[in-house]
Amino acid sequence: MITYMQDNPSMFRLRASKFLLLSVLILSQFLSTQLLAQRSKSPWQTLTGEAPLVIARGGFSGLFPDSSVTAYSFVSATSVPDAVLWCDVQLTKDGVGICFPDVTMYKDSNVQDAYPKRKNSYLLNGVPTQDWFTIDFTSKDLKSVFCKFVIRGILSRSPAFDDNRNVISTVENIATQFKPAGFWLNVQHDAFYAQHNLSMSGFLLSVSKTVTIDYLSSPELKFFRDIGSRFGKTGPKFVFRFLEKDDVEVSTNQTYGSLMTNLTFIKTFASGVLVPKSYIWPVDKDQYLLPHTTFVQDAHKAGLQVYASGFANDFDLAYNYSYDPLAEYLSFMDNGNFSVDGVVSDFPLTASSAVGKQNTVSPILEVTQGDFFVISKNGASGDYPGCSDLAYSKAIEDGADIIDCAIQMSSDGIPFCLNSSNLLEGTNVFQSPFINRSSTVPEIAPHAGIYSFSLRWSEIKTLRLAMTHPYSLGFNLFRNPREKSSEKIVPLYDFLILANKSSSLVGVLISVENVAYLRGKQGIDVVKEVLYAFKEACCIDATKRVMIQSSNSPVLVDFKKQSPYEIVYQVEENVGDIVDSAIEEIKKFADAVVVSRRSVYFFLSGQTHLVEKLHKFNLPVYVKTFRNEFVSQPWDFFSDATVEINTYVAGAGVNGTITEFPLTAARYKRNRCLTRKDHPPYMPLVKPAGLLGFVNHDSPHPAFTADDVTEPPLPPVTFRTPPNIPGPLSTDEKAPNSKTRLTPPLLLPALAMALASLLLLSSLSIL
């Protein structure tokens with residue numbers, strides 16, 4: 001027998017490999033049976049039944065520079081306790097392992113400033129690449145005072161934390177400084193380092209003597225063959241990383257798409273696989289979701305855990321998620337069919353929220369816990385054309401408490417719902433026969449428009465509503481592009497009938513503006529027509545609230561005289577304070593107040609006392625307008641719409657959120673944690689100016705000196721009769737429409753403004 005094996009080594013190897021594969025399959029089947037029994041008792045459909053892992057890629061790299069000390073330090077304060085720290089391991093010229101996003105350094109550091117002549121060219125995965133490479137620098141070089149800063153690699157993210165003493169750190173430093181619950185090392189270019197006489201395996205075996213490596217991933221099969229047997233039983237879990245399906249694995253020359261068809265082979269050397277999220281939820285060419293694949297179930301059947309990568313709040317979301325990153329995580333973790341075993345995320349806070357969802361969110365049919373109203377803005381206008389029946393129906397389905405109708409009037413006195421009286425905004429009137437009805441109405445807007453009161457209702461109802469895209473210019477963010485121009489305009493009567501039919505709605509909010517102009521110039525009594533529509537619709541269900549909103553106090557006084565409805569005064573301007581005498585004036589006719597988000601927080605560099613003051617006068621405060629798109633939020637909210645809502649509701653104590661995405665607010669409202677005093681770390685109450693401590697305290701701007709104060713003398717005064725202005729106004733503030741006098745926004749110190757501008761370079765569209 002021994003002679004036979006010596007004479008036929010290839011046959012022996014074949015039989016041995018078959019025996020090994022058979023043993024693995026039998027063991028996998030045994031373990032799978034045990035795991036299925038364990039999983040049946042768990043709310044999670046992961047392989048083991050345990051909650052999915054939150055893996056922080058380079059720390060909290062969605063906000064801070066990837067692999068920086070600041071990014072790693074922020075994870076424990078904002079994530080689940082067992083969050084895993086991810087480190088992309090690179091080797092220096094002298095074989096030291098560092099945590100750094102890639103083997104090339106230009107994009108993520110200031111190395112080019114320190115060593116401008118060390119740019120080099122190498123073949124990287126068969127592609128000639130010019131850059132600054134880690135292999136051309138010793139660890140001492142990278143500790144140089146001239147080259148130690150890690151910067152953001154994605155330029156759309158905030159530059160405020162660049163060069164903020166974020167040194168390039170070694171693997172040992174990160175492990176010992178943060179002592180993570182789990183430490184994940186990712187090796188991306190083992191073959192490249194080997195070509196330059198650097199041993200990644202040697203480094204890992206050496207560092208494992210002092211550092212606990214919990215997970216080790218790589219996209220290279222040869223790497224696992226070389227290192228697999230060299231770790232003991234207490235070594236890390238091996239995770240084979242799949243790249244895009246058409247990419248070629250360097251050691252076998254096979255595509256990853258072909259390798260994914262043989263998961264039983266992967267199981268022979270790995271306990272899990274890491275795949276791009278498109279392996280599980282693919283999208284079509286238009287960025288809409290296709291049906292999910294069976295990859296997770298297939299991998300679980302083979303005994304492999306599945307980790308998904310590519311999660312970030314600020315890019316690459318399918319339109320189906322309505323720019324809500326939490327919705328994307330939940331589709332991977334809690335869709336009723338499967339759950340991934342972990343997610344690699346740039347925003348571990350949001351991933352942690354998804355994991356915590358199992359214990360913190362009540363089913364939609366249960367009584368909600370949050371003591372605030374979810375009020376729609378033109379219905380669910382983030383998903384469908386605003387004020388369309390689809391938008392209103394979805395707002396109701398999504399859990400809105402109150403749906404809204406902004407009243408516009410036709411020339412023959414029919415009230416209908418539309419965000420603006422200018423039909424160019426939100427309808428297809430530009431392609432209609434009414435394009436020649438353009439006019440300028442300075443009482444409403446300085447520019448020309450096609451106004452609703454220039455058309456009869458029979459003409460208006462032929463128009464179609466269209467999606468609006470508030471962040472298409474500059475950010476290229478579009479809302480549900482497939483909804484072109486299809487929905488009919490909804491008259492107030494139909495809106496009220498729809499609301500009456502809903503058993504879940506608390507009430508409706510009717511917004512009226514331009515009443516004085518329509519009454520004086522067009523002969524239309526808006527108050528009368530609105531109240532008549534209520535009468536024609538059989539009033540409204542007596543159990544529902546009716547709220548009438550306007551920024552014009554005489555209009556609200558008129559409604560108050562003629563109806564029993566709640567009166568809501570809207571403060572159109574961004575204000576920093578409302579003096580007591582103004583509140584007393586509002587209190588005479590209004591039951592509640594609507595203010596802008598910016599009137600509550602000054603871009604998180606400061607908080608006003610406006611909500612607190614209005615509450616002292618027993619006036620509820622509703623805040624407008626919340627959106628899911630990350631560019632609508634200050635960086636302080638971590639590109640997470642739920643964090644923003646939580647800060648306004650649980651932090652500032654507002655009584656309602658007016659939102660274009662009711663589902664996000666309604667899901668938050670069902671969170672059981674709202675009744676607890678101790679919120680989990682992934683539900684932070686963001687403190688105003690809280691992130692300023694992470695910004696470089698060395699001012700990037702020149703000092704303000706006495707020479708800056710000295711300026712040419714003022715010119716002589718030219719006498720003229722002063723205008724009758726009801727109060728002091730800032731240069732960018734419009735006079736209030738009512739008799740109420742509002743003080744201008746509080747002026748912030750110059751330093752705070754400078755720091756705030758660093759934090760908030762993204763354009764904020766706040767209505």
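This is a predicted model: local features need pLDDT of at least 70, side-chain atom pairs count only at pLDDT 80 or more; totals for chains, interfaces and linings use all residues.
Two disulfides are present in the structure. One of them joins C87 to C99, with the sulfur atoms 2.1 Å apart. C87 belongs to strand β2 (residues 84–91) and C99 to strand β3 (residues 97–99), so this pair ties together parts that lie twelve residues apart in sequence. The torsion about the S-S bond of C87 and C99 is -105°, and the link is left-handed. Both of these cysteines, C87 and C99, are buried.

The other disulfide is formed by C405 and C417, whose sulfur atoms are 2.0 Å apart. Here C405 is part of strand β14 (residues 402–409) and C417 of strand β15, so the bond ties together parts twelve residues apart in sequence. The disulfide of C405 and C417 is left-handed, because its S-S torsion is about -105°. C405 is buried, as is C417. When the bonded cysteines of the protein chain are numbered in sequence order, the pairing reads 1-2, 3-4. C387, by contrast, takes part in no disulfide; the nearest cysteine sulfur belongs to C417 and is 5.8 Å away. C387 is buried, with a relative accessible area of 0%.

Two serines were also examined. S381 is placed in the loop between β13 (373–376) and α16 (389–398). Its relative accessible area is 5%, and S381 is therefore classed as buried, the cut-off being under 20%. A polar atom of the S381 side chain lies 2.7 Å from the backbone oxygen of K377. Apart from neighbours within four places in sequence, S381 is in contact with G386, M467, R479 and E660.

S201 is located in helix α9 (residues 200–207). With a relative accessibility of 6%, S201 also counts as buried. Beyond its neighbours within four places in sequence, the contacts of S201 are D190, F223, D226, I227 and R230.

Terms used. Residues are numbered from 1 along each chain as its sequence is written. Side-chain values use heavy atoms; hydrogens and water are left out. Helices (H or I, at least four residues) and strands (E, at least two) are DSSP runs, numbered from the N terminus. Buried means under 20% relative accessible area, exposed over 50%, partly exposed in between (1.4 Å probe, protein chains only). Contact means heavy atoms within 4.5 Å. A polar contact is a pair of N or O atoms within 3.5 Å; within protein, one must be able to donate a hydrogen and the other to accept it, and residues adjacent in sequence count only if both atoms are side-chain atoms. A disulfide is a pair of cysteine sulfur atoms within 2.5 Å.
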